[in-house]
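Have the chain open in your viewer and follow along.

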Amino acid sequence: MRRGFFKSLIFISVSVIVLTASLYLFKDGVMPDKPVQVQSPIMISAYQSRNSSRKPVLIHYPIDPAPGDFLILEAGPFPVQEPYQLDLGFPGDVLEVYKAGQSFYFLTSVCFDAEPGDYLASFMVGDEEPKIFNLAQTVRIAEKEFPLSRFSMPAGVTEGWTAARLAEDREKVRIAREETEPYPLWNRPFLWPLDARVSSQFGAVRIINENPPRRHMGIDLAADEGEPIIAINCGTVRLAEFLLSGGYTVIIDHGVNLSSTYMHLHEINVEPGQRVSRGDLVGTVGMTGYATGPHLHFEVNLGQAAVNPEVILSRDMLLIPSGYIR
Ligand SMILES: [Zn+2]
């Protein structure tokens, strides 16, 4: 009797573990491709704004932004068509604005030198006093230290480089990041481009060969030469060629001004104009261009502005609500 009870208890526990494990397995990549209805808080709130008569709110996500991070402010729903005004309250920039249903979504960045603390963001609708809506939200900026490093690069790395060629490369990158589809090309969370440790974080300050200090506008992922690099999500290849500083470089447009950049590749496996799926092979880890060891320099950009890739890669967020109106 007692033994039977324990047997069924073990059976139930094992079933629960197997079921939970399979849910995790199926969560990412194994299930057939289909639109995800509700994936992140942004999607949920966008969904709610279209389907309920809730009171307008101003909310932000992620809730604990740090200097150099980006965050989304959502304001709505507003059943009126009136001029609006957003005051971030914290030192930062608005990079993109979207409208979904009756709500507004502001993709913003926090300045690198923002002091940690509480700031009051506000959103007002209407151009006369009193305002039709007047919403406020406290945004707490966390403390973050950016490491300062000094290192030297051998002169041979930049041999034969000319200012004109560097300017030409910068222009190619600018144009590649400008070309975009007006809708999101993805519907599932973003993947890491490479299974490797972050060897240099976003925003780190570097002094190379006694040059003026420069911020690192991507993350470095250290790995052996030849390791496969994958597309973090679906998109269109906008650039795939050799650049002096970036070495073999790939830029993928994911729509709505969001792009990912992969640099110092050993080999490129895609062509400009090619459509790629989430997880497709982009190339392999190398040390071409301005690099002394094999690693992937990886960037995420909103338009021309570089944002912290770890916020997208680690947070399971989709950034943009489904059914938004530009
Ligand atoms: Zn780098």
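H295, H297, E299 and N301 point one way from strand 20, while L296, F298, V300 and L302 point the other way. Every one of these residues is buried. Strand 20 has eight of its eight residues buried, so it is largely enclosed by the rest of the structure.

This is a predicted model, in which local features need pLDDT of at least 70 and side-chain atom pairs count only at pLDDT 80 or more, while totals for chains, interfaces and linings use all residues. Residues are numbered from 1 along each chain as its sequence is written. Helices (H or I, at least four residues) and strands (E, at least two) are DSSP runs, numbered from the N terminus.

Which strands pair with strand 20? Two strands pair if DSSP finds at least two bridges between them.

Individual residues show how the strands line up. D220 has H297 in strand 20 as its bridge partner. N301 faces S259, and N301 also stands opposite A306 in strand 21. Strand 20 and strand 21 form a hairpin with two residues between them. In that turn, G303 has a positive phi of about 65°.

**Helix 3**

Helix 3 covers residues 163-178, 16 residues in total. From its first C-alpha to its last, helix 3 reaches 23 Å, close to the 22 Å expected at 1.5 Å a residue. The expected span is 1.5 Å times one less than the number of residues.

Which residues of helix 3 are buried? They are V173, A176 and R177. These cover an arc of only 95° around the axis, which puts them on the same side of helix 3. The arc is that of the directions from the helix axis to the C-beta atoms. An α-helix has 3.6 residues a turn, so residues three or four places apart point the same way. On the other side of helix 3, the exposed residues are A163, A164, A167, E168, E171, R174 and I175.

What covers the buried residues of helix 3? The cover includes strand 14, strand 15, strand 16 and strand 20.

Three strands form an open sheet in the order 8-10-11, with mixed pairing. Strand 8 and strand 11 are the edge strands, since each pairs on one side only. Strand 8 and strand 10 run parallel and are joined by four bridges. F151 stands opposite I208 in strand 10.

Most residues other than glycine have a negative phi, and most peptide bonds are trans. N209 has a positive phi of about 50° although it is not a glycine. N209 is found in the loop between strand 10 and strand 11, and it is exposed, with 11 other C-beta atoms within 10 Å. N257 also has a positive phi, about 70°. Is N257 buried or exposed? It is buried, with 21 other C-beta atoms within 10 Å.

The peptide bond from G76 to P77 is cis, with omega near -5°. P77 is in the loop between strand 2 and strand 3. Another cis peptide bond joins E129 and P130, where omega is about -10°.

**The whole chain**

The chain has four helices and 22 strands. Buried residues make up 37% of its 326 residues. The mean pLDDT, the predictor's confidence in each residue from 0 to 100, is 83 for the chain. Of the residues, 80% reach 70 or more. Over residues 16-51, pLDDT stays under 50.

Key
A residue is buried if 20 or more other C-beta atoms lie within 10 Å of its own, exposed if 12 or fewer, and partly exposed in between; C-beta atoms are placed from the backbone. Two residues are in contact if their C-beta atoms, placed from the backbone, lie within 7 Å.
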